[in-house]
Amino acid sequence: MNKRAKERSKGILGFLGFNTKEKADKMTNQDWEKFNNSYKEKYGISFTEDLEKPDENEPPTTEGNQTEVTTGDVISSEMQQQILAVLTEAAEASGTNAPENPPATVGAVMQSFITAMNDAVQTIRTLSANAESNVPAAVVSGASQNGRDFAVILGHVPHTATHLFGIEDKFFSRENWWNSITATRVVSNTDYTTDEISAFREAFNFYGKTMKNRVNALVENGQIALLDYKKMIAGESSIDYSELEKEFGKRYMVRRQDMIIAYLRTLESVNDIFPVRSNVQDKETVVNAFFSEFSQAFQPGRVFKGGVKFTPEIYHVDDVMFKHLFDNLKDLERQYIGYLNKEGSNPMKWTFIEWLLANIYTVLFNEQQRRRVIGVRCPVQEGVDNPAVLAADGIIRSIWRVIEQRKILPFMDLKVYDETTMLEYAEEMWQMIMAILPNMAGMRMYANKKHRPWFLKNFREKYSKDGDFTGVKDSIMDLSPESIIWVPNMDMNDYLMWVTVPGNAENYELTPGEMYAVYFQQDLESLISASWWKEGAGLQMAGLQCETIAELEKTGRRFQYIFTNYPVTKLQADETKLNGLDNTVFETGENASAVAITDIENASVERVYKIICGSLTNKTTIKKSGKFENIKSTWEPASVGDYITVYAELKKENQTIAGKQVQVTVPTGNFLELDRRVTA
């Protein structure tokens with residue numbers, strides 16, 4: 001027997017477990033048949049034929065008692081698949097790439113096992129060098145394939161020679177000059193060509209459009225509330241991005257956009273206080289029904305009782321826009337470079353376009369949140385830039401509107417409070433509402449967040465408690481400071497306080513995210529940026545509309561769904577000048593002789609001022625002259641409760657700022673009329 005066949009036979013006998021039988025000469029014919037079949041399957045030749053072949057060219061065998069196996073020997077297909085399964089499992093455990101095809105020879109198997117063992121040892125060393133974290137989610141995120149996504153989102157991945165952050169997508173190509181700025185932080189010394197400006201505009205418009213679509217998709221899918229900025233910068237996310245795995249560039253763009261949206265959501269918002277209803281195109285009418293008492297004691301016959309009246313609520317939105325002219329892209333470049341140098345620790349390393357939009361979005365978002373509270377839609381003053389808060393109605397305007405429509409009757413004796421009377425004022429208002437309603441279930445009080453320190457001071461002084469005021473909750477639980485809904489974005493001279501069911505007051509829009517669809521248009525060497533959207537505010541349920549104040553008073557406020565104070569500043573007798581710092585709503589009183597208002601001192605260009613007739617005794621009027629020469633006509637009230645609303649007139653004037661002549665918008669000192677009521 002030649003040495004090759006001898007060693008091969010030992011291997012087959014050992015593999016089949018026949019070594020003992022063969023030595024004891026107890027092999028059966030069935031055992032030998034199985035041996036011969038295995039031998040031929042493994043070596044492609046029968047044992048008898050192999051015996052007849054010379055063994056001159058056999059490679060060196062292993063030493064010792066081990067079975068001598070040649071590295072070129074071919075292994076069976078069954079064994080190949082078993083070895084492939086083991087190598088694949090080892091690759092998954094060590095985070096390396098599994099082989100696509102199984103090793104076919106003994107030598108290839110040995111090399112594969114050596115590689116797998118080295119990978120396993122390296123993984124063990126890495127894990128041993130890192131202590132176990134107390135935040136399992138963060139560890140999983142960083143160690144998983146999404147760890148790269150997380151690093152790209154935050155801008156922690158180095159750029160490649162061709163793309164920002166190695167994202168092989170057209171939008172992130174370094175061939176685009178704006179992406180080159182991001183990668184190199186070098187400002188070009190040459191002016192941009194028309195083609196370069198056009199390319200930037202097209203990329204900007206594309207990104208603005210996709211941002212709007214992303215916001216819209218998150219709202220429609222009910223996922224926008226899942227965007228938590230603090231969790232996202234820690235590597236955690238509640239959004240499922242699996243559907244984007246095959247779209248390499250889009251996956252990173254969407255996740256970076258979600259980070260920007262999440263960042264905007266960290267800014268103070270009123271959306272959690274006043275829900276936003278979408279898809280209001282222009283005006284939407286909802287009819288509310290008010291039922292009178294129905295039940296009574298039994299009596300026979302046709303004795304009927306009860307009734308119903310209908311009052312419509314109109315939800316409407318107004319057109320809002322932003323337009324800005326970027327005169328010089330060079331200046332914009334320098335601002336961008338300076339920003340990155342100054343804010344190097346910012347977790348988001350925005351690209352040029354993302355940085356520009358993120359800053360625009362931040363300003364627009366803050367303006368919108370303020371407008372959603374104190375905004376009043378005023379006619380556009382053409383040729384000048386109009387104040388942001390005068391672009392659309394906010395919640396306070398919607399409440400005053402239902403007062404003007406005689407749907408709700410304020411508590412007329414509760415006028416302006418101050419820092420010493422706020423607590424008792426609120427308690428009195430709450431008790432008055434309790435006397436009207438069967439119960440206060442679900443009702444909450446809303447008040448100016450800027451006045452919260454006043455309330456806290458009063459509360460501590462009266463109840464001698466601090467912290468969460470747990471000691472007095474049994475007696476004034478509904479008006480403890482943590483139970484009141486404190487409304488941000490009101491000014492210090494806003495004193496409106498109201499009680500209703502949360503969600504009754506709401507804001508309106510047409511399309512979610514429409515404001516974020518910023519559009520760029522080339523204008524010679526400059527770029528115009530703009531976007532357009534719709535906004536509004538209103539109440540789902542206000543109250544039964546009455547024809548006169550007397551009729552409204554007879555209802556005893558039993559049909560109201562919202563209750564308010566009457567936060568007016570009462571004018572002194574014969575007073576002719578108002579102080580805009582005191583309030584935005586004023587009520588006239590009795591005078592020794594007829595007087596006319598001539599000015600509103602310290603008036604803000606952002607606010608609308610309302611003057612209400614409080615007495616017809618030597619009544620106060622406003623003549624169409626002087627600073628009020630542009631109102632429609634002389635305002636002369638005919639009944640208590642008549643009013644006129646005015647706002648500042650604006651103009652353009654040249655001013656020197658930093659040695660440069662610029663045009664700015666300033667008030668003329670005169671006033672324009674918004675609306676009025678004079679009872680016929």
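**Loops, salt bridges and sheets in a predicted model**

Reader: In which loop is N602 found?

Author: Helices (H or I, at least four residues) and strands (E, at least two) are DSSP runs, numbered from the N terminus. On that basis, N602 is found in the loop between β16 (599-601) and β17.

Reader: What pLDDT do local features need in this predicted model?

Author: Residues are numbered from 1 along each chain as its sequence is written, and side-chain values use heavy atoms, with hydrogens and water left out. This is a predicted model in which totals for chains, interfaces and linings use all residues, side-chain atom pairs count only at pLDDT 80 or more, and local features need pLDDT of at least 70.

Reader: Is N602 buried, partly exposed or exposed?

Author: Most residues other than glycine have a negative phi. Buried means under 20% relative accessible area and exposed over 50%, with partly exposed in between (1.4 Å probe, protein chains only). With a relative accessible area of 48%, N602 is therefore partly exposed.

Reader: What is the relative accessible area of R557?

Author: R557 also has a positive phi, about 65°, although it is not a glycine. Its place is in the loop between α19 (549-554) and β11 (562-564). R557 is buried, and its relative accessible area is 16%.

Reader: How many salt bridges does a search of the whole structure find?

Author: A salt bridge is a side-chain nitrogen of Lys or Arg within 4 Å of a carboxyl oxygen of Asp or Glu. When the whole structure is searched, the number of salt bridges found is 24.

Reader: How many residues apart are E354 and R256, a pair that links distant parts of the chain?

Author: The closest N and O atoms of the salt bridge between E354 and R256 are 2.6 Å apart. E354 belongs to helix α14 (residues 352-374) and R256 to helix α12 (residues 248-265), so the pair links distant parts of the chain. E354 is buried at 0% relative accessibility, and R256 is buried at 1%. In the chain, the separation of E354 and R256 is 98 residues.

Reader: Which residues are linked with R370 in a network of salt bridges?

Author: E606 and R370 meet through their side chains at 3.0 Å, N to O, with E606 in the loop between β16 and β17 and R370 in helix α14. D494 and R607 meet in another salt bridge, at 2.9 Å, N to O. Because D494 lies in the loop between β6 (485-487) and β7 (498-500) and R607 in the loop between β16 and β17, this pair ties together parts that are 113 residues apart in sequence. The residues linked with R370 in the network are D491, D494, E606 and R607.

Reader: Which backbone nitrogen does the side chain of Q369 reach?

Author: Q369 is found in helix α14 and is buried, with a relative accessible area of 1%. At 2.9 Å, its side chain reaches the backbone nitrogen of V270.

Reader: Which residue in β17 does F586 stand opposite?

Author: Strand β14 (residues 585-587) pairs with strand β17 (residues 609-612) in the parallel sense, over three bridges. In β17, F586 stands opposite I611.

Reader: Which residues make up the uncovered face of strand β9?

Author: β9 and β10 run antiparallel and are joined by five bridges, with Q521 opposite I528 in β10. In a regular strand the side chains alternate between the two faces of the sheet. Strand β9 (residues 519-523) has F520 and Q522 on its covered face, while its uncovered face holds Y519, Q521 and D523.

Reader: How far does helix α16 reach from its first C-alpha to its last?

Author: Helix α16 (residues 422-434) has 13 residues, and its buried residues include M422, Y425 and W430. From first C-alpha to last, α16 reaches 18 Å.

Key:
Pairing = 2+ DSSP bridges. Expected span 1.5 Å × (residues − 1). Polar contact = N/O pair within 3.5 Å; in protein donor to acceptor, adjacent residues only side chain to side chain.
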